[in-house]
Amino acid sequence: MNIRQTLRNVIGAALFLCILTGIARADVEIQNVTSPSGQTIWLVEEPSIPIVAIELGFRGGSWLDPAGKEGLSRFAVGLMNEGSGDLDAVEFANRSNDISARIGFSVSRNDAEVAGRFLVETLDEGIDLMALAISSPRFDAEPIERVRKQILSGIAQSETDPDSIAAKTWYASTFKGHPYARPSQGTAESINSVTVEDLKASHARLYQRAGLFVSIVGAIDAEKAGEIVDRLIASLPEGELHDVPAVKTVPEPGVQVIEQDVPQSVAIFGHKGLLRDDPDFIPAYVMNYILGGGGFASRLTEEVREKRGLAYSVYSYLTTMDGAGLYIGGVQTANERIAESIDVIRAEWTRLATEGVTEEDLEKAKTYLTGSFPLRFDSNSKIANYLLFMQMEDLGIDYLERRNGLIDAVTLEDIKRVAARVLQPEALSFVVVGKPVGL
Amino acid sequence: MVVHPSGRNSAWARETVIGGVLALFVLMLTTATVRAEPPVTTFSLDNGMDVVVIEDHRAPVVTHMVWYRVGAADEPRGVSGIAHFLEHLMFKGTDEIPDGAFSKIIAANGGQDNAFTAQDYTGYFQRIAADRLELVMKMEADRMVDVVITEDHVRTERDVIIEERNSRTDNSPDALFSEQMRAALFLNHSYGTPIIGWRHEMEELSLGDALSFYERYYAPDNAILVVAGDVTPERVRELAETYYGPLKPSGNPPDARPQEPPQIAPRRITMTDPRVRQDYVMRSYLVPAYDPEDPVNSAALMLFTSILGDGVASRLSKTLQLEQKIAISSGAWYSPRSRDATSLTVYGVPAPGHTLDEVENAIDAIIADLAETGPTEEELVRVKRVLRASRVFMQDSQSSLARFYGAALAIGLTVQDVQGWPAVVEAITIDDIRKAAQSHLDLNASVTGSLMRGEAS
């Protein structure tokens, strides 16, 4: 033990343990703007840096890919910046660079997003380019074949990647028979079958005005925001929304092993969770912080990593999709010891389900969850992202003011009720990829 | 879309941050300018600790970081991984902070903490409400001098870092290949040793190894404090003088490291692994890092690299993917920020039906052509514009800014160097780029590697 100079007179241990209260609130003022054409925009004016962040969120997403065309929407989205209107792929990239516009496209099971980051000085040119990209992808033969090969290469690589195998297997067995079970990157067969007509149809399904949400953060006022959004969406069809088929979330309990010659086994586990609008969602969120969401403050990390050195990373989280809530976790442990990790995780699941948490656990969870909330709002990009999330989850424009109150209102009784309802140790479904010993 | 082999020389962190939301968003970090540079204040404490304050009053939060000018490259031979192992052990506790409580205290105050180890530096940070700055500073100052580590900690945490190596290196042929490439590139410099450590040496790391590294290097005159966020320089100075000010300097900066001899023979490695499903070829050149005395070289190499391999409109992509159609992906990267010589790397992934040799030969021709004739005026103007914009976009994230400045100071640069860099880049000419490429992209100082599917090598 090395003591070059002690600070005992300066710092008392008691001081470290006293938990301060009176946490700052997220200081973000959201304006609800309606564009001339009627589109709702959530706007935060932030003039201190000459940039503008714009996020468009479109309901729908890759679950709409037809059977046999798995991976289609990711393929289409991968082509959105590979040529638009009168610009081919190279001209599009050069134009983006020349006007300092960063335009990104992504898609997940339930939505497609388009994100733009612009300098104020070239905002108008940036909006024109983003509008062109959204409305007029060219789907030229050259980029289609190039991107097809990239996707096929990615699929081949994921066939031996333990994390990809585990995730794919877990989702496939959990959502058997439902579009959510399909591999979102596709299969070699499905990707090879995609035609230019498929891509155009996918584009039309992904980007429409029905189910569109918009957030903007930056050096821009409401009037300008309305004007640029109308330019972005002028060419979009109204379209229609489709309901996700009813989901039966029934992961198979137990442990499924997939043999792979790697030194360390990768496990994904979980069972049914809660929908975002379930009244128990917030108490469950707080509970999960204590169980496996809170990094070094969580029980899983304490028991699996800190006490036993079984893993570098162990975690759990609640996640939702339209019509489905999941409670998922992951761990990676040497083949010889993965069985022990699984035992410990099951035991912690059971302990919390039967014993609940202590008053101290709950207080610490609340101070973290409320106190760290402002950390989500320290950049324009993060704020724009969060505003889109709030809209797509229908949390209400006053959610930022309400949210810490919802956390603070959670009681020990709530946690007990939710733990009994949500945590089902016997229902946990593990997929283990590696050469596990003793499973 | 881009298919990337892994290969960047990134830092190792104590904790992987897991996103709870599975949005497939790889958004570039962002920000930008009327104000070309953020408001940065810098000063030093009497004990030699450098301080950088970056004001950002948009949200009531701060990022507090302490950087030590010591990393994996400073490890004694035979104890590879000790810098990173110590970084993990620094969270165990101090004479004032109970065992295992460090991160829990931060969390109970609504903060997030983590740490990272690179070849040249080790950093510890907290993100927290601005009114908790004093708390985290007290704690960080405490563990600079009074960490408490036991044999029990070492036994358990050593298993954790071995699992970390399993997760991030041994479970991935790409990562193993990248490790082999670096080991072959550096003949004498410790940059050839992986930050995480070689497994057989990690297994033997001891409490004594950790403490002697700590005692040798952790001191205020070998550290940099960076505070970014909703705080004034005056307040930071007051707190820093209170908590870091009393700590005794070591008067013993890290030793210079053994440097590379002239490299006079190209190296070639071939690695096979049954898990590989996509072959590719990669080349790393040993090249100079940013040198404040002669910044033109590294600025020119940076622009060269970007024009060569950044994006679909780059030379590599246009030729290999769009025109010849012999590759499905390619790229290049160069990080000028390094204390000693660094690497410039290019790679190409062959399209079905084409060979690694074809792709390598084509890459050679593209590099030779760009080095010979230089970029076009249009390419040069464009890449400068991209770099100018990225500087503005970067201002959006206080954590990124804090890291940007911290990393620069940790490798021996100054705030003036950081702020003068855009002007250096602006002044680079086509001739500068030709000259830099011609003098530094030397096959004799390079490794060319092929990763292929096959029996384990």
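The legends below accompany close-up views of a predicted model.

**View 1. Overall fold of chain B.** Chain B contains 15 helices and 12 strands, and its radius of gyration of 23 Å is close to the 23 Å that the globule rule gives for 457 residues, so chain B is as compact as a globular protein of that length. The C-alpha trace spans about 65 × 55 × 45 Å along its principal axes, and 55% of the 457 residues count as buried. Among contacts between residues at least 6 apart in the sequence of chain B, 82% join residues at least 24 apart.

**View 2. The contact of chain B with chain A.** Chain B contributes 88 residues to this contact and chain A contributes 85 residues. Elements of chain B that give two or more residues to its side include β6 (122-129), α3 (133-145), α4 (151-170) and α12 (377-394), with the largest share, 9 residues, coming from α4(B). Sorted by class, the side of chain B that touches chain A has 42 nonpolar, 22 polar and 24 charged residues.

**View 3. An open sheet of 5 strands in chain B.** The strands follow the order β8-β12-β9-β11-β10, with mixed pairing, and the edge strands β8 (267-273) and β10 of chain B each pair on one side only. From one strand to the next, the twist averages 15°.

**View 4. Strands β9 and β11 of chain B, with helix α5.** Strand β9 (residues 280-287) and strand β11 (residues 342-350) run antiparallel and are joined by 7 bridges; Met282(B) stands opposite Tyr347(B) in β11(B). Helix α5 (residues 173-185) of chain B lies across β8, β9, β11 and β12 (446-453) of chain B, and runs at about 155° to β12(B).

Definitions and conventions
Residues numbered from 1 in each chain as written. Chains lettered and ligands numbered in written order. Predicted model: local features only at pLDDT ≥ 70, side-chain atom pairs only at ≥ 80, totals over all residues. Helix = DSSP H or I, 4+ residues; strand = E, 2+ residues; numbered from the N terminus. Rg over C-alpha atoms; globule rule 2.2 N^0.38 Å. Buried ≥ 20, exposed ≤ 12 C-beta atoms within 10 Å, placed from the backbone. Contact = placed C-beta atoms within 7 Å. Nonpolar A, V, L, I, M, F, W, Y, C, P; charged D, E, K, R; others polar. Pairing = 2+ DSSP bridges. Axes fitted to C-alpha atoms, helices over the stretch in contact; angles between N-to-C directions.
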